[in-house]
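Please read this briefing alongside the sequence and the coordinates.

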Amino acid sequence: MSLPFQVVVLWSDALFFGLITAVVMLGMWARRQAPLRQSWARVASDKVAMVSATILAAFLFVGVLDSLHYRAQLDAVPGQAVAQKINYAVEVNSLLDVLLAPLREHPEKTYSAPLATHLFSKEPLPGSIERGFPRLAWGGAHLGQALEHRTIDIVQRSALGAAGGLLLWLGLMSMMRLRFNRHNHATDSAEKIPNGTQSAGAGNTARKTSRRAASHATLFTLLVLFLLAGITIALGSGYHVLGTDKVGQDVLYLSLKSIRTGLLIGTLTTLVMLPVAVLLGILAGYLGGWVDDLIQYAYTTLNSIPGVLLIAAAVLMMQVVIDTHPDWFATSAERADARLLALCLILGMTSWTGLARLLRGETLKLRELEFVQAARAFGVSHFAIMQRHILPNLMHIVLIALVMDFSGLVLAEAVLSYVGVGVDPATISFGTMINAARMELARDPMVWWSLAAAFTFMFILVLAANLLTDAVRDAFDPRTAA
Amino acid sequence: MSLLSVSNLVINIGAARPVDGVSFSIAAGECFALLGESGCGKSMTALALMRLLPPGAKVSQGQIEFSGTPLLTLPENRMRQVRGGGIGMIFQEPATSLNPVMRIGHQIGEALALHEQLQGVAARARAVELLTQVGIPDPVRRLDEFPFQLSGGMKQRVMIAMALAGRPRLLIADEPTTALDVTIQAQVLDVLDALRRKQGMAVLLITHDLGVVARMADRVGVMYAGQLIEEAPRAQFFAHPAHPYSIRLFAALPDPARRGGHLATIPGNVPPADTRYTGCRFVDRCTEALPQCRESAPEWRAVTSDQKMRCFLERSTSEKKTDTEKVGSDEATALQGGQAKNAFLAVANGDTATEDNDDAVEPPLLTVNDLRVHFPIRRGLLQRTVGHVRAVDGISLQLRTGRTLALVGESGCGKTTAGKAILQLIPPTAGQVYLNSQPLTGLSVSELRPLRVQMQMIFQDPFASLNPRMRVGDIIAEGMRTLGLQKGSQEDTTQRIAALLGRVGLGAEMASRYPHEFSGGQRQRIAIARALAVNPSLLVCDEPTSALDVSVQAQILNLLAQLQREQQLAFLFITHNIAVVDYLAHEVAVMYLGRIVERGTTDEVLRNPQHPYTQALLAAVLPVHGPVAAVTRLNGEMPSAAKPPHGCHFHPRCPHADVACCTTNPPEVVISATHSARCLKLKN
């Protein structure tokens, strides 16, 4: 093999990509179903939804980049006979690490404020007995002694970055416009034939204007994202844009790396929790009797044990298993990954009770409704009734619960990391960042940037997810869709 | 000088105008009835009088004057005195109008403290007085009870008592008896009428029920699509309705004289509130529309000295009768066409329309023997059974092909449970059900499935009986798919769905829509199409028209009658509406507290009732024409099925009961070959 690196597929990567593939395939299937396509078209003509989707896509893009892992090939050690066996680095890196190499590879000694040129705390200056703020190794190093030019430099770089972002956006726009126009001509001529009546035409124009407004909003969001990215890249090549943390790591790098952890914990945990909650909730509500008793007993028992305690016990047990079998994992990244997955599994197994209880109650109501009775009068099997009549009428609850849980789980991870049973200390996550910020806030003067960065990123992620789900739920509810 | 005068009231919700230029006045002590179908703006008008419009709705034009005071400009603190003190209001649903966690005495006391400044002993004494006025027995004890301890009729009386607490001069009653059974409705209306006469209180009665109007009102205003379209004194209105809509409303009432024939229907539905009108609002549903009806809106004009309407048509009194008849015959011809169109379907279904002349030889399609459904009452930690709710307590029925058996009774008598138990949707506790001489009881789910092709059900609430997440086509196809009738390709199924939709009077293109896009009547048609999809021979109809307006009810009843003629369907028709029974049914079984007390042909039971309960039930029905029968009303309400009385279940309410009735369950007394009743008094 001539590849200069070895592709590493962690378990979480596989699951993450599996999930994305499943969503894409579902989307392709949905494209062919006329009713589903209509519902999604409604989502596409909602401004807020499209802005949220664009932002989420940006987050997802970062997450995907961070999920393409590899091990670099090591240079052959001189003196060794022509390498029979190629050695790979112990460190597992992702594509994101490569892109962010300048940030990753230029650590400072300790805290520094965003865009600073000096360390945040006084230290003995080299070659003198005085204490002062030492220069940063990388942040603003290119300025040399001309420190008074810092502001001008920042403005210049920002302007340059913004111009780059704008240019890129304009390029993308013109490309899209070309394609869009061609597409539009095609659909216009195709649509003119069947829509004979005026009212349908009027509805179509209304739909089209809102669609256009939504696509304008999307393009505007893209512009903002491109500008921000351009500015960040331009500044990031010379400064620590969001400062550095206690050990001098770039906070921007940490925040971007945390996105993958957040997305994974949010999605994989719900993936574990959802089938259990939906299945048990519906079974308990629909069948009643001893099945109901059994399931209620299970979740009441589970609920009466303090959650953190249960999770801590499970995580510690997993950790013992992981620690006693070092041979299972080739690299530390794989070990950290196993722990992340274990955390998802455990969080999932303990968090299904709330949703299951909610679904059981709703099912109890639904099963007495007359359309379920009508289905029973046709002799429709219990399974088919649950799948065709109960489940679709529960989906709005499931969707809301999903998003609520997504944000809740990202936060739960922070709490657990605080107790010391969260993700592996080597894994970068919003939880570990916020956790570290606990001490930083107690300092005087306060170190606010890592908390602010983690908070902002998490806030935008969760808000975008919430708004999108809201729009999706509205579009799919036949009662509000009219 | 009128007590209340409303002039040119317009209410806006956004661009929609649910009330658009309504003017009327009520004199002191007068009962004015606002009559109209759902969605015509009558409740909105009432709420505007109290200035209690929901958020988003606001009065954009008009004047409301209450005993000389303009209400719309009154400051809120003065308005609060008018509410309750000047104008009282009672609502449709007594169950939700009372606070479930407050004692009755406290709830009445609240109103007393506010309007009469009464506290403590004085308030309690006045509360007892009020409860006595509305005819609640043992009022002192009732004051300390919670709403859940009272029955529906009692709750409505408490509501009336609360409304009376401020000694209002006008009482707004918004569908006060719609949620109540007929015998209870009669009691509540008696109370209202007596109070009005004794206290000289004016009443604004909002209702859709012509019977209630006939019983209560002095004057009638008919509302349609946000406007008053006719106003007349009661006698004038019932004798000579002037507006085409009013005429058709009367023609749409089920009536024994039209049995087997067709009810006049008003095609279509009430237009939605955001419709923009240029001409008359009724023009699209009117058969007598003139060209000018579309171009300009008719003015509010006097027909006679005290009858006004909003219509261009000039008519003399003699014309009207023929109009009503013409309406009927129009329907019939329209239907003939429909029949021809559907004839091929009937043939395809293998239904040959045979005359039922060999009644006696033909074995019954459905036989029910001593069916019982008891629900266990479980209590305590170990969920031991401490008793049974005897919802159905031994009923026997027979129903032949192509006939309709009406199961009549008040709510809670077990008629719906009986229907579901016959279809094996609820496992019966005891007894047998035979369909085509094949036993249904004791079969497993998979053994029952092939038999379900022969029996289907239509439910009461068309809004709950269709899955909101399924398309109409899928809803109709579900039965075919499950029961393996979908033999052909996808094309065949689509065609069959289109044919079924056509059969119930809907367009084939509606198969791809969701239920929420349809009105109540259209939904009920979809539910009927779903049941018909598997070609059943027995349809259990559970109050299929009770949630619908009169004009739409007529459409559904016509459809059912037509289907019965064409497909020889047998209907088990569960209802509390005697007028519908009289129009549709061949035989009637009257149910009381889980038992059938009387059965026979429709004429035998309705014209010559033998059982005291049947007599009381029929007497409680409010006639639209003619005087209210002066008979003794039934006292009290139906006891709980968990603790039915010993002996004859009816004896606690029966005016003729004696000691024997308390101990002996009366056997069936045969009156004629088809007529029988269960009453000890009939032996003699």
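In this predicted model, the axes of helix α10 (residues 307-324) of chain A and helix α11 (residues 332-366) of chain A come within 10 Å and cross at roughly 150°. Since angles over 145 degrees count as roughly antiparallel, α10(A) and α11(A) are therefore roughly antiparallel to each other.

**The helix pair**
- The crossing in which α10(A) passes α11(A) is right-handed.
- On the α10(A) side, the residues making the contact include Leu310(A), Ile311(A), Ala314(A) and Met318(A), while those from α11(A) include Ala338(A), Ala342(A), Leu343(A) and Ile346(A).
- Sorted by class, the contact of α10(A) with α11(A) has 11 nonpolar, three polar and two charged residues, and Arg335(A) and Arg339(A) of α11(A) are among its members.

**Chain A against chain B**
- Contacts between the chains involve 17 residues of chain A and 23 residues of chain B.
- On the side of chain A that touches chain B, two or more residues are given by each of α12 (370-377), α13 (382-419) and α16 (478-481) of chain A, and the largest share, seven residues, comes from α12(A).
- That side of chain A has 10 nonpolar, four polar and three charged residues.

**Confidence**
- The model scores ipTM 0.75 and pTM 0.76.
- Chain B has a mean pLDDT of 83, with 91% of its residues reaching 70 or more.

Notes: Residues are numbered from 1 along each chain as its sequence is written. Chains are lettered from A and ligands numbered from 1 in the order in which they are written. This is a predicted model: local features need pLDDT of at least 70, side-chain atom pairs count only at pLDDT 80 or more; totals for chains, interfaces and linings use all residues. Two residues are in contact if their C-beta atoms, placed from the backbone, lie within 7 Å. Helices (H or I, at least four residues) and strands (E, at least two) are DSSP runs, numbered from the N terminus. Ala, Val, Leu, Ile, Met, Phe, Trp, Tyr, Cys and Pro count as nonpolar, Asp, Glu, Lys and Arg as charged, and the others, Gly among them, as polar. Axes are lines fitted to C-alpha atoms, for helices over the stretch in contact, and angles run from 0 to 180 degrees between N-to-C directions. Angles under 35 degrees count as roughly parallel, over 145 as roughly antiparallel, 65 to 115 as roughly perpendicular and the rest as oblique. A crossing is left-handed if the near helix is turned anticlockwise from the far one by less than a right angle, and right-handed if clockwise. pLDDT is the predictor's confidence in each residue, from 0 to 100.
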